[in-house]
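Hi,

Here is the structure I promised to pass on to you. Have a look at it first, and then read my notes below.

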Amino acid sequence: MSDYIIKYGRDDRVKYISHLDFVRLFHRAVRRAGLPFIFSQGFNPHPVMTVAQPLSVGVTSDCEYMRVGLDLDCDGDYVKAKINGALPPGYRIIAAKKVKGKEIDLSKLDRAEYITETECNKDIDVDAFLAHKELIVPKKSKSGTKDSDIRPYIYEIENLGFCDGVLTLKMLLSVGNTYNLKPQSVKDAMEKYIDGFFTSFMTVHRSSMRAGEVEFLKKSI
């Protein structure tokens, strides 16, 4: 029996599949690949699998992580090849690594980098936007919608260029249990705090995950 950390991605073809539907899809793919899951104990056993910081619907990525328990002992390349052979187009396993105990702790992931492309009416001064001490926007939760200051959870924003009505930004934002900040909320704050700025459509791609200042598993997987 072994635990594996799996790095995977999804593209535009499957970006509107929900997290729960992806979990079911992955369960079926592993079974089609002929790999035996480890199951939890108890009255209702289920495959041992943990996804780190699930993606929002509509977001693409090439830096997602999960921990999966498999009842076998083989190297990560074998697991990668078998699952890739069973996944539908749009999903791909980038890497897999066999781990022991808490050798790699997915709970340490606390920030994510996004590349966004937004149709808008003008270029913006990112430094002036980040100079605001507070950025108050509505935030939805299970208990309803309330105003929230998102400024402490924006670590970096870089303007990558404005061309033909499309603004490209790189954002480093908080994820996880402390505060999960979505690029959409940053866009809402920009419309509120930047005079005369308005947007229409936005695409979002998650490009890396970090534990503090360090890109997660950049060299080890």
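Let's begin in helix α1 (residues 19–32), where D21 and R24 are three residues apart, which means about one helical turn separates them. (Helices, H or I of at least four residues, and strands, E of at least two, are DSSP runs numbered from the N terminus.) D21 and R24 form a salt bridge, their closest N and O atoms being 2.7 Å apart; the term stands for a side-chain nitrogen of Lys or Arg within 4 Å of a carboxyl oxygen of Asp or Glu.

Before going on: this is a predicted model, where local features need pLDDT of at least 70, side-chain atom pairs count only at pLDDT 80 or more, and totals for chains, interfaces and linings use all residues. Residues are numbered from 1 along each chain as its sequence is written, and side-chain values use heavy atoms, leaving out hydrogens and water.

The whole structure holds nine salt bridges. Another one joins D3 and R67 (3.4 Å, N to O). This pair links distant parts of the chain, with D3 in strand β1 (residues 2–10) and R67 in strand β3, 64 residues apart. R67 is buried at 16% relative accessible area, while D3 is partly exposed at 25%. Buried means under 20%, exposed over 50%, and partly exposed in between (1.4 Å probe, protein chains only).

Enjoy exploring!
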